[in-house]
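Please look over the structure shown below before reading on. The briefing that follows takes up a few topics one by one.

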Amino acid sequence: MNNGQYGGAPQHELNIVSNLLRDSSTANQLLVGRNRQKPQYWLRPDHFQTDWLGDAYEALLSGGLGDIDQQLQAYPGADRAQVTAYAVIARMLTLYRQRAAAGDPKAQWAVNQASLTHSDFWVGLHNDVSQMAQPTWPANPEHARHDAYVTARAAQHPSTIENVPFELSRPRGYDNEARRRELAVIGAILNDPTRAQQFRYSPQNPDASPYWLQPQDFGDPATAEIWDALVTGPDPAIALPAATDPNLTWQERAAAMIQHITTRLAYNDYHRSTGDPTAQARLDANVYQRLAIDLEKASAPNFSPNPDNAAWYAVDFILEPSIPAAVEDLAGRVRDYGLSDASLGQIGLELGTNVDYALGQLAERLDEGHRTLGGYSTPEQTAIPAPEQSEGQASYTSVPTERRVLVSLVQDPGQLRWDGSTRSLAEQDFTLPEHRYLFKAIQSLSPGAAQDRWLLNNKAEQLARRDGAPPLDFQELESIGLEARTRKVDPAGRGAGHLVTMTVRRTARDASTAVEAAARETLDPRVLIDQSREQFKRATREALRYQEQSVPEPTLYSAQQAHVA
């Protein structure tokens, strides 16, 4: 709800509502189509980060604009801003009553406030709306669609920098020829907007974009934003009436779309400039004039060998080269999830849903595009193993805790049947070979035999020989057996939980390392996606092995732990 003086709302959100309050025709810029029986708008109330502005926007489009016009006709000599504010407040109150009847507690609170003789909430709301309805409000109604675009994008790509709509793409290896190829794809659609149909597909997720080529596939952040403004974003240039006007020449249609794009990019930088010096520098240098010239050249029929092959060019020059960068980004997210101090259940959820969905969407877009490479991966293909750990890298091991857990298990092997982290222990939770084979020996022996250090050590050595492992360190085996006989330790549960956590962290780190190494190889992008999926599935399985286990670190040995980042 509003907390006075606009509630700290972003300027672009305030501008949208202000423009609607001052000029009802502004709503036409937000229409999805002009030939629909019932108006449909591409900017939704839930796009607003400020709740009360989203409510005001919904109230205006659900009848508030008509109420304002009726009130102004009924009271032609009244203060326009005050009449507008009263009409909007009445419509918002109706909206809150409807929500309250449906069980919304926030709406019920607002309705209750309206029953008071003097309500700070409603008085503050009235004053804010009245000020926004003043003709001196610093916003141009002609730019309402660009304010709305920033609002819609900010909802989908929240930024840590104030008033920045989103960051579409990160720069990667790039040169002038790569930029020319990206401009050729963009120019082909500027020349003939119907070519955008080559990029449409029906994704399995109905919420996904219907275009398989996305802004993040472009290597240059500038061309990424151009593609968003031209094709994939809210209110794209290809949806302009001028883009399909048969009475215009292709040059005139292209000019209208280029004007739309450059205005949008300038507007984005205007909002970014509060926290981004490079955006302010672009504004000062008016780079958009030069950009308009480049787009005009790219829209010419002879800019690319054959503009009708734009979709083929997009796959070869944009989509396929972007896959390694996208997979590397996912690898970084997996590493962040796996090394975070969150519950393993949450880590597993992130790995098993978000990352798998992102990989699936990459594969789907790649398959739906005009594929030019052969050699899809086969089911027999094996994933690339993780590279060896380099010197000085965080180890994510807890050797003292491993010893303590084994001592506890030797004293009471029955703990392996207890519910909880001890029962979920697996051999990969132990990093030293001696510890792994001791654990396997405890699992394979009866409880009475597992407490006999001679039988236990002999079984561990047998298992190691069977697997072809190097000889085990006899002193390490003996020291664990001796400690089990001479010192009573706590149950293994807490230490076991920590070992499980360390395994999740190691697996996430190793999967990320392997995927990033594979992304640097020259592979068919589909092969890279399949290999990455196998690596991430392994990390997911480890995280889900004991879903409710949190991440405590045992205090007894905390000073002796190996370094954990």
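In what follows, a residue is called buried when its relative accessible area is under 20%, exposed when it is over 50%, and partly exposed in between, using a 1.4 Å probe and protein chains only. This is a predicted model, in which local features need pLDDT of at least 70 and side-chain atom pairs count only at pLDDT 80 or more, while totals for chains, interfaces and linings use all residues. Residues are numbered from 1 along each chain as its sequence is written, and side-chain values use heavy atoms, with hydrogens and water left out.

**The nonpolar cores**

- A nonpolar core is here a set of buried Ala, Val, Leu, Ile, Met, Phe, Trp, Tyr and Cys residues joined through side-chain atoms within 4.5 Å, and the largest one has 66 residues, with F199, L213 and L230 having the most contacts inside it.
- Among the elements that give two or more residues to this core are α7 (176-191), α13 (344-368) and α20 (525-544), where helices are DSSP runs of H or I with at least four residues, numbered from the N terminus.
- Helix α12 gives the most to this core, with 12 residues.
- Because domain 2 (176-319) and domain 3 (399-549) both give residues to this core, it lies between them; the domain bounds come from an automatic or database domain assignment.
- Leaving aside residues up to four places away in sequence, F199 touches, among others, V185, W212, L213 and A314, contact being heavy atoms within 4.5 Å.
- A second, separate core of 46 residues includes L53, A87, A110 and A148.

**Helix α12**

- The 29 residues of α12 (residues 310-338) should span 42 Å, and its end C-alpha atoms are 40 Å apart, which agrees; the expected span is 1.5 Å times one less than the number of residues.
- At I323, α12 bends by about 35°, and a proline, P324, follows within four residues, the bend being the angle between axes fitted to the seven residues ending at a residue and the seven starting there.

**Residues with a positive phi**

- D235, although not a glycine, has a positive phi of about 55°; D235 is found in the loop between α8 (221-232) and α9 (250-272), and it counts as buried because its relative accessibility is 9%.
- N286 is not a glycine either, yet has a positive phi of about 50°; N286 is placed in the loop between α10 (277-285) and α11 (287-298), and with 40% relative accessibility it counts as partly exposed.

**F474**

- F474 is found in helix α18 (residues 474-486) and is partly exposed, with a relative accessible area of 44%.
- F474 and E434 are 40 residues apart in sequence, and their C-alpha atoms are 8.4 Å apart in space.
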